[in-house]
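Work through the exercises below with the sequence and the 3D structure open. Each task is followed by a solution in steps.

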Amino acid sequence: MLKTDTPKTILLADYRPHPFTIEKVHLTFHLDSTKTLVQSVLTMKRNPESDDVNADLVLNGEELTFKGAKLNGESLDESRVSLGQDSLTIKELPESFTLEIENIINPEANKALDGLYKSGSIFCTQNEPEGFRRITYYLDRPDVMAKFTTKIIAPKTDYPVLLSNGNPIGEGELDGGLHWMEWEDPFVKPAYLYALVAGDLGLVQDSYKTMSGRTIDLRIYCDKGNESRCDHAMESLKKSMKWDEETFGLEYDLDIYIIVAVDSFNMGAMENKGLNIFNSVYVLANQETATDQNFLGIESVVGHEYFHNWTGNRITCRDWFQLTLKEGLTVYRDQEFSSDLNSRTVQRIQDVERLRTMQFVEDAGPTAHPIKPSSYIEINNFYTATIYEKGAEVIRMVRTMLGRDGFRKGMDKYFELFDGQAVTTEDFLHAMSVANNDFDFSQFKNWYSQAGTPQVNVSWNYNEGDKTYQLTLEQSCAPCPGEGSKAPFHFPVAIGLLNSKGEEIKLNLVEEGQPQIGEGILHMKKPKEVFTFKDVSEEPVLSFNRGFSSPVKVVAPFSMKDLYFLMANDSDLFNRYEAAQMAAGKIVKDLLSAKLKGEKLSLDTGYLEAFGSLIADSSIEPAVKDMLLGVPSLALLAQDNHPIDYAALDEVRTFILKEVAVRFKDELKKVYEENTTPGAYKLDPLSVGKRALRKKVLGILSKLKSEDVLAMAKDHFESATNMTEESAGLAILSGFGGDAFKEASANFYQKWKNDTLVMQKWLMICSSSGHDDTFELVKKLEGDEVYDANVPNLVRSLWGGFSRNLVQFHHPSGRGYQLMADKVLEIDGINPQVASRLASAFKDYKKLVPHQQELMKPEIDKILAKEDLSKNVYEIVSKIKGA
């Protein structure tokens, strides 16, 4: 793209059914690293639902070398074929026809990792959202669904394993050391769900018997030598299949289910029908090389991709504006899966932390968009926390409003009405409505069309005379780029009232007919709602938005005394965590104000006492206590403290943690010692929680920078028998810096330098350190033999880690901005998808203190001034500058 070009904007309002449909596709691949021949046979006809009855056929195609085309077996002359830069147009077509196309592609040169490419010695594909057009000429859009058959021809010695979607239907030998295998997928699908893999791969095989008694062949392919690290992924797959049968009555529909692990992959994983291709970080694990969070992440992602078989594959999106239809729903399903298998409270806290850290920032920034956007320049930029995490929260609200049984009835109706189709978010809500006595979702649809995070202002009044408690809620939503005034949202709010003993007060509304969904859950629909409760014997303490029942920001006049009470007494464990976070947030504001005035910093004694009570409460399970003892991250604190001064925020946050460590040093050491996990490594919730809690308290203690805590950190690292504790020890030592960290880091490197997944952790730890020498360190690590700019995982570990290192990226000198701008431009020339993610690091531009804005502006201008800048990066950075 030239500097003067403005990339085309795609609009939802412009959607029309395509003038042509494809019924069947037969693909033949003659695999070669630099000149793969692709032969496609398309059985097509004109679409009766299209108004454009005389349209020419325009097929998408990028980075292809066209060889020729035939119509119904006859070669097409040049007058009927027009080859564009990104298209192939064929004129004068009949109502139905067979079209044959041959083209050449170069997988080895495909560093963007879209379409067919090489990951090491493995051929693999990534076609969502628009990668298939880099394989062959096609109608590359999700509402064009066809049945695919694939024949793969390759040298048997180099590529003994040949895989594609569906079930295998034939194989054989050919002259010249070649062999072939053919696959047939009996289900219609869009091209984005197509997959091909070829390589010399290791195999782990198992089986699963479905609820109807069918036996499914389960296979995980990986690089040879890694087979022993696939066991957890296989168990996670079987658990996913069982959970979906028991929870939603959904059974797998093919005879074989395959997962392939590859090192070079733009995403976490891809749900291609019957042939899932995974980033190896979400497949390979053992206790020596993977952390507890890696294991849990594998379980979640394997579940997510498997659940897509029904919510994404069997029913898919009509167009990419409907992306949350499959992703929001499936994220909700994988969150519930993980909650049922592990700690529901911890899962909920982690999900909300992720939402607030990633999505709330998005909603409040220059790239804000609804979960169903109305326009885009580059669809890859919309694989966002808004589409995924906020989309999941919208589904969770539907489940809350309909109840468990009502939601299940709605899901059953969804599959009944739309199986095998490409549909819209309106279709999903229609199914939920008709299955539940025509439940009215008309106002609820605002969640799909309006960006931004609603704010709920809460006030209350207790009338001791008539024993009533009046709760007033007012909703608003700040304007977002490109949006005017917003209509009120409809959402459920879960509440509780606690008496002075911490006991629940029964909720009785004074007026019947007030919006309510069962006891404790209220409907919020109007700009202002007033709820009055009777028979409230004493002034209660409000527990609001329990379990994070709605993805809103809450502004309420809680006193510190109220928050400390909730921290100690709320029966809703999520809200105990919430109270602790709110209390810390209030204290940070006070400390920032004191710092600005030049006053000496001091920590509220009530907060210390409440924190100490949490430390001492032995009734709290370790995993939950780990969450409760957390102080909000810099990313979370920045959302409520504008203009943003990350250095100041880091100073006061560190002050809080240090004061806690000084006051409770002995108690924290006791918690550390009491939560050891001797013996064999276990991945049960108790053991995982204990390891997390030990890391948390050791991290708090490390703020003391004392010799005895340094010795504890060294021992934590050196005595570790699993990667969870070994990497935790190294991360905590990075906070000390100096020789202790350098020595530990060198030892870790020498031990693991041949394992790329572990080296990704090492790069992340190094680039995330708050020390000033981190800047020079990351530049040095870029030249290390373990780093490769062509591998997205390594780029995300080194430069993604540095961009999220808010202290060093926002260094007062501006050097972090200069470095990251250079890296964005460099990576953009290799992989625009990865580069656009890195570019989002500049999103705080307009919210920073003036000095930092002045330093960031020329770097933003430098990115936008680059000739041939990808539309991926252009869309992100231009919005940041223009917000």
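This is a predicted model: local features need pLDDT of at least 70, side-chain atom pairs count only at pLDDT 80 or more; totals for chains, interfaces and linings use all residues.

**Exercise 1.** Find which residues and which helices line the largest cavity.

Solution. 
- Start with the search of the whole structure, which gives two cavities of 30 Å³ or more.
- The largest cavity holds about 50 Å³ of space.
- List its lining: Thr324, Leu325, Leu329, Ile371, Gly391, Ile395, Thr425, Phe428 and Tyr448.
- Assign the helices: at least two lining residues come from each of helix 3 (323-341), helix 5 (385-418) and helix 6 (425-434). Helix 3 contributes the most, three residues.
- Sort by class: the lining has six nonpolar residues, three polar ones and no charged ones.

**Exercise 2.** Describe the second largest cavity and the classes of its lining residues.

Solution. 
- Its space is about 40 Å³.
- The residues around it are Arg229, Val281, Leu284, Thr289, Ala290, Asn294, Leu757 and Lys761.
- By class, four are nonpolar, two polar and two charged. Arg and Lys count as charged, so Arg229 and Lys761 are the charged pair.

**Exercise 3.** Locate Phe428 in the largest nonpolar core and name its contacts.

Solution. 
- The core has 288 residues, and Phe428, Tyr607 and Phe842 touch the most other members. Helix 5 supplies the most residues to this core, 14.
- Leaving out residues up to four places away in sequence, Phe428 touches Leu325, Leu329, Ile395, Phe407, Met411, Tyr414 and Tyr448.
- Compare with Exercise 1: Leu325, Leu329, Ile395 and Tyr448 are among these contacts and also line the largest cavity, as does Phe428.

Key:
Residues are numbered from 1 along each chain as its sequence is written. Side-chain values use heavy atoms; hydrogens and water are left out. On a 1 Å grid over the protein atoms alone, a cavity is a set of points where a 1.4 Å probe fits but cannot get out, and a pocket is an open set with protein on both sides within 12 Å along at least five of seven lines; lining residues have an atom within 4 Å of a point. Grid points are joined across faces, edges and corners, and a volume is the space filled by probe spheres set on the points. Helices (H or I, at least four residues) and strands (E, at least two) are DSSP runs, numbered from the N terminus. A nonpolar core is a set of buried Ala, Val, Leu, Ile, Met, Phe, Trp, Tyr and Cys residues joined through side-chain atoms within 4.5 Å. Buried means under 20% relative accessible area, exposed over 50%, partly exposed in between (1.4 Å probe, protein chains only). Contact means heavy atoms within 4.5 Å.
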